[in-house]
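Open the model in your viewer and keep the selection tool at hand.

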Amino acid sequence: MHEYPITQRIIKIAEEYAVKNGYSRVRKINIVAGDMCGYVPDTVEMYFNEISKGTLCEGGEISIERVEPKLKCAKCGEYFKRALFSFECPFCGGEGEPSDIGREFYVKSIEVDEDDKGN
Amino acid sequence: MTKEIEVVENIFEENDRIAAQVNKTLTENKVFCINVLGAPGVGKTSVMKRIAEKANFTPFVIEGDIESDIDTETLNKLGIKTVQINTHGACHLDAPSIQNALTGISHIKNGVLFIENIGNLVCPAEFNIGEHAKMLIVSTTDGSDKPYKYPLAFEKANLIILNKCDLTPYLDFDYDFFLKGVLMQNKNATVISVSAKDGDGFDKVVEWIENNACRI
């Protein structure tokens, strides 16, 4: 259920941009999703096939680019991947704090075909 | 020929826009709004009952549950004005659902609105619903590793309530390990230990709410 309303929102955004640019169909939606964004790409894809029926995105595909999360060291400022049960910076031994890397969740672009212009 | 159209739109953008509207309306009505987060069974409703007993402010509650209105009935019987939202499967409340619920209680003014989110430590932390503060409730029976396993909920909380402290003699809860995990995620949150069963610790909780409520 978690991914269902989010997938609806993704389709809405794609449709808005297609219409705004004069296209009647979306061939592909490119998403950027950090691993910490809380949404499972496979589930979004599964819902996409169902929810897109009857929309401008029907028959299109969804492509999800993943981003690996990183902590930022409060001491030396380096970004690093967190080890399990640890926040320790591998560069200086300082403490890592949550950063925005890995939290991304946005529609990067849509792909349309010139054949669908103005229909 | 295929053409790529740049979008770069955050998927949460519409939710955040509505959350800002909800927050503005509540602030204008002098209602301090607390988003109450916590896993099922940590004592979210019991904590709110204890707060209401000690409070010098008028409490209002929006109860979020997948099904049932058990908690709403309990709170209304205690004289706490409560409305129910049932999500019928959805695992969190979002800003539009709060905007709708508020149309039913638009007369609320001068008080504190508690919005009890769906019992879940994951997605409720991801959605702003118009609150001024997030109150996270965890309990000693959950184990001391929760800040490490559910970092986002701890990172976003302004007030963290550790409930069921009356049970610590019977448990292996490691408070230092718990607090270390909290501090790694969030150095600004206030952590208060309570027992909703005995009522211990709630003076501090009410004091925190009153101090923050008067800032809006």
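Which residues have the most contacts inside the largest nonpolar core? Select L113(B), I115(B), L136(B), I160(B) and I161(B): they are the ones, in a core of 54 residues. A nonpolar core here is a set of buried Ala, Val, Leu, Ile, Met, Phe, Trp, Tyr and Cys residues joined through C-beta atoms within 7 Å. Buried means that 20 or more other C-beta atoms lie within 10 Å of the residue's own; exposed means 12 or fewer, and partly exposed is in between, with C-beta atoms placed from the backbone.

Before moving on, some ground rules. This is a predicted model, where local features need pLDDT of at least 70, side-chain atom pairs count only at pLDDT 80 or more, and totals for chains, interfaces and linings use all residues. Residues are numbered from 1 along each chain as its sequence is written, while chains are lettered from A and ligands numbered from 1 in the order in which they are written.

Stop 1: Show its contacts; two residues are in contact if their C-beta atoms, placed from the backbone, lie within 7 Å.

**Stop 2: strand β2 of chain B.** Select residues 31–37 of chain B, which make up strand β2. Strands (E, at least two residues) and helices (H or I, at least four) are DSSP runs, numbered from the N terminus. Is β2(B) mostly covered or mostly open? It is mostly covered: seven of its seven residues are buried. Look at one side and find V31(B), C33(B), N35(B) and L37(B); on the other are F32(B), I34(B) and V36(B). In a regular strand the side chains alternate between the two faces of the sheet.

Two strands pair if DSSP finds at least two bridges between them. Strand β5 of chain B (residues 111–116) runs parallel to β2(B), joined by six bridges. Find V36(B) and look opposite: E116(B) is there. Strand β6 of chain B (residues 133–139) also pairs with β2(B) in the parallel sense, over four bridges. Here L37(B) has L136(B) as its bridge partner.

**Stop 3: a sheet in chain A.** Which strands form the open sheet in chain A? Three do, in the order β4-β3-β5, with antiparallel pairing. The edge strands are β4 (79–80) and β5 (96–98), each pairing on one side only. Select β3(A), residues 71–73: three bridges join it to β5(A). K72(A) stands opposite E97(A).

**Stop 4: where the chains meet.** How many residues of chain A are in contact with chain B? The count is 25, against 24 residues of chain B. Colour β6(A), residues 105–113. β6(A) gives the most to the side of chain A that touches chain B, with nine residues. That side divides into 14 nonpolar residues (Ala, Val, Leu, Ile, Met, Phe, Trp, Tyr, Cys and Pro), seven charged (Asp, Glu, Lys and Arg) and four polar (the others, Gly among them).

β6(A) pairs with β1(B) in the antiparallel sense over seven bridges. Find V112(A), which stands opposite K3(B).

**Last stop: V8(B).** Select V8(B) in strand β1 of chain B, residues 2–10. Why does V8(B) count as exposed? Because 9 other C-beta atoms lie within 10 Å. Its contacts cross to the other chain: V8(B) touches Y106(A) and K108(A), not counting residues up to four places away in sequence.
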